[in-house]
Number of protein chains: 2
Amino acid sequence: ACPGVGGFGGLFPFGDSYLVAGTDGVGTKLKLAFDMDKHDTIGQDLVAMSVNDIVTLGAAPMFFLDYFATSKLDVDQAEAVIVGIVRACEESGCALLGGETAEMPGFYSDGEYDLSGFAVGSVKKDKVVDGKRVLAGDVLVGLPSTGVHSNGFSLVRRILERSGMSLADPLPTDPSRSIGDALLAPTALYVKPVLSALDAFDVRALCHVTGGGFTENLPRVMPDGLGCSVTRGSWASLPVFEWIQQAGSVEEEEMLRTFNCGVGMVMVMPAADAQRCIEGPDAMPGATIIGSVVEGEGVVYV
Amino acid sequence: ACPGVGGFGGLFPFGDSYLVAGTDGVGTKLKLAFDMDKHDTIGQDLVAMSVNDIVTLGAAPMFFLDYFATSKLDVDQAEAVIVGIVRACEESGCALLGGETAEMPGFYSDGEYDLSGFAVGSVKKDKVVDGKRVLAGDVLVGLPSTGVHSNGFSLVRRILERSGMSLADPLPTDPSRSIGDALLAPTALYVKPVLSALDAFDVRALCHVTGGGFTENLPRVMPDGLGCSVTRGSWASLPVFEWIQQAGSVEEEEMLRTFNCGVGMVMVMPAADAQRCIEGPDAMPGATIIGSVVEGEGVVYV
């Protein structure tokens with residue numbers, strides 16, 4: 001995520017539009033991809049982290065560029081990564097405009113690499129979503145996450161190590177999949193649902209729930225004097241978070257300030273719009289009311 | 001450098017303009033910065049590699065974003081890097097719109113880091129510099145480099161090692177500076193001179209001389225059926241390249257297909273414009289005629 005007027009992306013005025021740019025990597029989730037030798041979904045994580053950021057300003061992503069750095073290029077591995085990037089760009093309606101593959105002997109351990117991504121979108125100036133119109137009483141509508149996404153993996157890896165379990169073991173809270181598969185599940189791409197929500201509803205703020213969870217991310221999109229009330233248990237929990245909390249004896253408060261906990265994108269809109277968003281002909285798949293905007297600041301959990 | 005219509009940048013149509021995007025890192029030049037524990041100029045290399053690419057399409061850079069990844073953040077070190085980035089963005093007339101600082105335990109050796117950068121510029125569609133108007137007889141005008149810039153450092157480091165010399169030793173071909181200082185000299189920023197040349201002259205193609213030297217880069221901007229004739233010795237050689245060639249017993253041909261050899265940007269223009277570019281009231285500092293466009297393909301050295 002990068003600093004900017006709207007919190008999640010940088011804004012650059014261009015004619016009657018803003019260009020919106022975001023850059024991010026996928027952090028230590030890469031270590032899981034290395035451990036599992038599975039490289040075809042990490043590209044989706046990379047694209048998602050940047051495009052989910054810029055769509056929070058109401059910007060439709062236009063193009064993406066990637067930087068792939070490794071000590072000695074493994075063509076099959078790099079190709080798997082790029083295939084994931086290409087698919088995620090298509091799914092997000094943006095062009096893969098270019099990229100750089102850097103071979104840097106001595107920088108990375110054997111078989112390892114680092115990734116960074118850059119996305120640019122645009123939004124008409126009068127359509128920018130900046131949170132300024134948010135009012136007390138507006139409702140928080142959550143969109144489901146697919147799992148841990150691409151934040152909090154340093155903690156996840158410590159917990160996994162202490163648990164004595166391996167990535168190949170069944171996830172205790174959902175034995176139909178392995179711990180590794182659950183943790184490596186690619187980050188959800190929110191571009192399409194958010195852009196369609198912007199057409200259908202009066203969306204006043206958008207929050208990409210990254211590292212810091214609700215606790216640190218929701219305040220980034222609230223105007224001065226307003227905070228959020230989040231209702232515990234109002235959304236479907238994910239088995240992977242239940243396992244993380246149990247295995248790591250993680251306090252609920254820490255869960256909520258570290259992980260997305262099952263909701264990866266929050267849309268703030270008037271109550272009537274939120275109602276249409278969760279039921280009826282315009283309902284969005286998986287959308288759930290998780291709380292509301294209140295006087296004050298920060299996030300309270302009720 | 002990234003693929004695209006014009007060779008050095010990716011083009012995205014936007015109204016009556018193209019947005020032009022480029023991404024690059026600084027490669028193993030970073031190892032020199034680590035060895036010398038000098039981090040305040042590598043940011044200029046990072047910015048230069050991307051903005052010099054996009055200006056070759058005639059695009060004025062608008063904004064830049066950086067990605068800085070390390071295992072454990074050293075605030076002083078990171079600050080020195082960012083200061084270099086900020087200065088180079090100012091010098092290139094572009095905004096530092098955002099960035100990502102990624103702390104990735106276990107990815108990088110102690111005290112080391114990797115950098116990638118991303119620049120976006122714009123150019124009116126009818127002003128894009130794409131080489132299509134280049135004609136046989138047009139002239140190659142070179143702008144001086146400051147040294148090795150940010151390519152070819154794997155070879156440079158091998159030569160240094162074999163030479164038995166250290167970075168602190170005086171450069172044999174110019175004892176007034178150390179080998180380290182000469183090698184770490186920041187990449188020249190060509191945005192201002194190139195944009196002013198676009199105003200003053202009929203610039204038909206622009207070539208950023210990166211890894212691959214004249215030999216591989218000039219053909220990237222030539223239309224089908226045209227090549228370049230480069231006149232040996234027509235530009236001022238740099239002591240650092242003389243030392244590299246001597247110390248490494250590097251053939252001239254390999255020098256010319258690896259390094260910029262003293263000319264970091266080539267502008268292609270009609271002969272009359274080239275003449276005005278090198279002398280008279282419109283002359284550009286350091287500009288030198290280094291060759292011409294000829295029938296054929298590739299680069300011949302005469």
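Predicted model: local features only at pLDDT ≥ 70, side-chain atom pairs only at ≥ 80, totals over all residues.
Of the area that chain A buries against chain B, 19% is supplied by A:F14, A:F107 and A:F118, more than by any other three residues. The contact (heavy atoms within 4.5 Å) draws 44 residues from chain A and 45 residues from chain B.

Across this interface, zero salt bridges are found, a salt bridge being a side-chain nitrogen of Lys or Arg within 4 Å of a carboxyl oxygen of Asp or Glu. Eight residue pairs, both members at pLDDT 80 or more, are in polar contact between chain A and chain B; such a contact is a pair of N or O atoms within 3.5 Å, of which, within protein, one must be able to donate a hydrogen and the other to accept it, while residues adjacent in sequence count only if both atoms are side-chain atoms. On the side of chain A that touches chain B, at least two residues each come from β1 (10-14), β2 (17-25), α1 (29-36), β3 (60-70), β4 (95-103) and β5 (113-124) of chain A, with helices (H or I, at least four residues) and strands (E, at least two) taken as DSSP runs numbered from the N terminus. By class, that side of chain A has 25 nonpolar, 13 polar and six charged residues, with Ala, Val, Leu, Ile, Met, Phe, Trp, Tyr, Cys and Pro counted as nonpolar, Asp, Glu, Lys and Arg as charged, and the others, Gly among them, as polar.

Within chain A, the axes of helix α2 (residues 42-55) and helix α6 come within 10 Å and cross at roughly 10°, the axes being lines fitted to C-alpha atoms, for helices over the stretch in contact, and angles running from 0 to 180 degrees between N-to-C directions. The two helices are therefore roughly parallel, a term for angles under 35 degrees. Here A:V51, A:N52 and A:V55 of α2(A) meet A:V191, A:V194 and A:L195 of α6(A), and the residues of this contact divide into five nonpolar, one polar and no charged.

Over all chains, 24 salt bridges are found. In one, A:D202 pairs with A:R133, the closest N and O atoms being 2.9 Å apart; this pair links distant parts of the chain, 69 residues apart, with A:D202 in the loop between α6 (191-200) and β9 (205-208) and A:R133 in the loop between β5 and β6 (139-144) of chain A.

Residues are numbered from 1 along each chain as its sequence is written, and chains are lettered from A and ligands numbered from 1 in the order in which they are written. Local features need pLDDT of at least 70 and side-chain atom pairs count only at pLDDT 80 or more, whereas totals for chains, interfaces and linings use all residues, and side-chain values use heavy atoms, with hydrogens and water left out.

Technical notes: Buried area = accessible area lost by both parts, 1.4 Å probe. Parallel < 35°, antiparallel > 145°, perpendicular 65-115°, else oblique.
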